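Try each task before reading its solution.

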Amino acid sequence: MGAVTSHSKVGRRDLPDLVTFEPGSDYVNSLSDRAYYLLRERIVTLDIAPGATIDERALQNELELGRTPIREALHRLAREKLIVVAPYRGMFASSIDLADLRAVNEVRVELEGHAAFLASGRVEDKDAGEIENLISALNARRECAAARELMQLDHQTHALIHRAARNAYLLSTLREYYIHSLRMWFLVLDRMRHIEDAVSEHVELLIAIHDGQARLARRLMRAHVADFEKRLRAVM
């Protein structure tokens with residue numbers, strides 16, 4: 001794949017199929033954004049392992065992007081705590097441990113629950129159609145989906161709810177913390193059992209939001225996020 005040479009609209013088709021690419025988006029705005037999504041994918045899916053050294057020059061060659069977009073992406077990832085900058089030593093992919101899991105989930109259980117509550121009262125016709133389509137997709141894959149596909153469906157579910165809450169400040173925070181949770185999933189994915197159970201949880205949650213059952217949606221979302229922590233603790 002050749003390097004993109006302008007800052008004009010870059011179509012989604014120019015990116016590989018990324019688990020961490022924002023569902024519902026169809027383009028990136030710049031070479032910096034392109035570098036950011038490609039690097040974030042590698043960190044979240046553990047292609048760049050926790051604690052691994054970040055080699056800027058190697059990334060330029062591998063991604064066929066220049067120094068400036070790579071550096072801008074790395075600084076953005078550092079602000080999101082996916083990369084650690086160590087003075088005089090360089091950059092490293094951040095580590096993952098149980099303290100991270102607890103800290104992230106303390107935030108997520110409150111904010112995700114509130115987002116589900118808000119979304120239940122703010123669903124528009126377009127959202128309702130997306131929810132119905134996603135419920136159909138979840139039901140169709142209840143028994144046979146691979147773990148990676150189920151994770152993509154989980155991402156779609158949360159992203160849809162985040163958008164439907166219609167609060168830009170909440171949306172930004174939710175996206176950042178969700179990505180950290182997704183990275184933790186990848187850390188233990190090969191040890192997880194019955195991951196398909198999350199499909200039933202998603203369907204029940206989406207139905208509550210679609211039907212405007214705000215308190216039920218908040219309760220289901222909080223339970224879903226809390227269960228995520230329990231599942232990970234059991235195998236970490």
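**Exercise 1. Find out which helix gives the most to the lining of the largest pocket.**

Solution. Keep in mind that this is a predicted model.
Step 1: start with the space itself, a volume of about 230 Å³ for the largest pocket.
Step 2: list its lining, which consists of K81, S94, S95, I96, D100, A103, V104, E176, Y177, H180, R183 and M184.
Step 3: α7 gives the most, with five residues.
Step 4: sort the lining by class, and you get five nonpolar, three polar and four charged residues.

**Exercise 2. Describe how α1 and α7 are set against each other.**

Solution. Two packed helices are described by the angle between their axes and the distance between the axes.
Step 1: the axes of α1 (residues 31-44) and α7 come within 9 Å and cross at roughly 45°.
Step 2: that angle makes α1 oblique to α7.
Step 3: pick out the contacts, where R40, I43 and V44 of α1 meet I179, L182, R183 and F186 of α7.
Step 4: by class, this contact has five nonpolar, two charged and no polar residues.

**Exercise 3. Summarise the whole chain: how many helices and strands does the chain have?**

Solution. 
Step 1: count nine helices and four strands.
Step 2: turn to burial; of the 236 residues in the chain, 47% are buried.
Step 3: take the contacts between residues at least 6 apart in sequence, and 71% of them join residues at least 24 apart.

Technical notes: Residues are numbered from 1 along each chain as its sequence is written. This is a predicted model: local features need pLDDT of at least 70, side-chain atom pairs count only at pLDDT 80 or more; totals for chains, interfaces and linings use all residues. Side-chain values use heavy atoms; hydrogens and water are left out. On a 1 Å grid over the protein atoms alone, a cavity is a set of points where a 1.4 Å probe fits but cannot get out, and a pocket is an open set with protein on both sides within 12 Å along at least five of seven lines; lining residues have an atom within 4 Å of a point. Grid points are joined across faces, edges and corners, and a volume is the space filled by probe spheres set on the points. Helices (H or I, at least four residues) and strands (E, at least two) are DSSP runs, numbered from the N terminus. Ala, Val, Leu, Ile, Met, Phe, Trp, Tyr, Cys and Pro count as nonpolar, Asp, Glu, Lys and Arg as charged, and the others, Gly among them, as polar. Axes are lines fitted to C-alpha atoms, for helices over the stretch in contact, and angles run from 0 to 180 degrees between N-to-C directions. Angles under 35 degrees count as roughly parallel, over 145 as roughly antiparallel, 65 to 115 as roughly perpendicular and the rest as oblique. Contact means heavy atoms within 4.5 Å. Buried means under 20% relative accessible area, exposed over 50%, partly exposed in between (1.4 Å probe, protein chains only).
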